[in-house]
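Here's a quick tour of the model on your screen. Have the sequence and the 3D view side by side, and let's get going.

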Amino acid sequence: MSTYEPSLRGLWAAVIMLGALIAAMLGTVILWTVGAPAYTSLGAGGATFIGVATLGFTLRKFLTE
């Protein structure tokens with residue numbers, strides 16, 4: 001009997017990155033809609049992406065290891 005279990009690390013990474021991308025897009029659109037300048041909207045979207053991705057990877061590691 002084989003004890004090989006495929007790692008789901010790649011799948012988790014894809015889900016976390018997709019979630020971070022969606023959150024960043026929503027943040028950018030919301031700021032753009034309320035009239036913020038383009039550089040502010042894009043900067044906030046980038047910061048949101050970095051924050052959500054970091055939080056997602058940290059939570060995944062905390063919950064699975």
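## Starting point: alanine 20

Let's begin with alanine 20, which is buried, at a relative accessible area of 0%. Here buried means under 20% relative accessible area, exposed means over 50%, and partly exposed is anything in between, using a 1.4 Å probe and protein chains only. Alanine 20 sits in helix 1. Helices are DSSP runs of H or I with at least four residues, and strands are E runs of at least two, all numbered from the N terminus.

What does alanine 20 touch once neighbours within four places in sequence are set aside? The answer is Phe49, Val52 and Ala53, where contact means heavy atoms within 4.5 Å. Lysine 61 is another matter: 41 residues along the chain from alanine 20, with 16 Å between the two C-alpha atoms.

## A word on the model

This is a predicted model, in which local features need pLDDT of at least 70 and side-chain atom pairs count only at pLDDT 80 or more, while totals for chains, interfaces and linings use all residues. Residues are numbered from 1 along each chain as its sequence is written, and side-chain values use heavy atoms, with hydrogens and water left out.

## Helix 1

Helix 1 has 25 residues and runs 36 Å from its first C-alpha to its last, close to the 36 Å expected at 1.5 Å a residue. That expected span is 1.5 Å times one less than the number of residues. Buried along helix 1 are Ile16, Ala20, Ala24 and Thr28, and the buried residues of helix 1 pack against helix 2. It's handy to remember that an α-helix has 3.6 residues a turn, so residues three or four places apart point the same way.

Methionine 17 also belongs to helix 1, but it is partly exposed, with a relative accessible area of 34%. Its contacts, leaving out neighbours within four places in sequence, are Phe49, Ala53 and Phe57. Threonine 58 is 41 residues from methionine 17 in sequence and 13 Å from it in space, C-alpha to C-alpha. After helix 1 comes glycine 35, with a positive phi near 100°.

## Helix 2

Alanine 53 lies in helix 2 and is buried, at a relative accessible area of 8%. Not counting residues up to four places away in sequence, alanine 53 touches Ile16, Met17 and Ala20. Alanine 53 and methionine 17 are 36 residues apart along the chain, yet their C-alpha atoms are separated by 6.0 Å.

And arginine 60: buried or exposed? Arginine 60, also found in helix 2, is buried, with a relative accessible area of 17%. Beyond residues up to four places away in sequence, arginine 60 touches Trp12, Ile16 and Glu65.

## How the two helices pack

Two packed helices are described by the angle between their axes and the distance between the axes. Helix 1 (residues 9–33) and helix 2 (residues 38–64) pack at about 155°, with axes 8 Å apart. That makes helix 1 roughly antiparallel to helix 2. Axes are lines fitted to C-alpha atoms, for helices over the stretch in contact, and angles run from 0 to 180 degrees between N-to-C directions; under 35 degrees counts as roughly parallel, over 145 as roughly antiparallel, 65 to 115 as roughly perpendicular and the rest as oblique.
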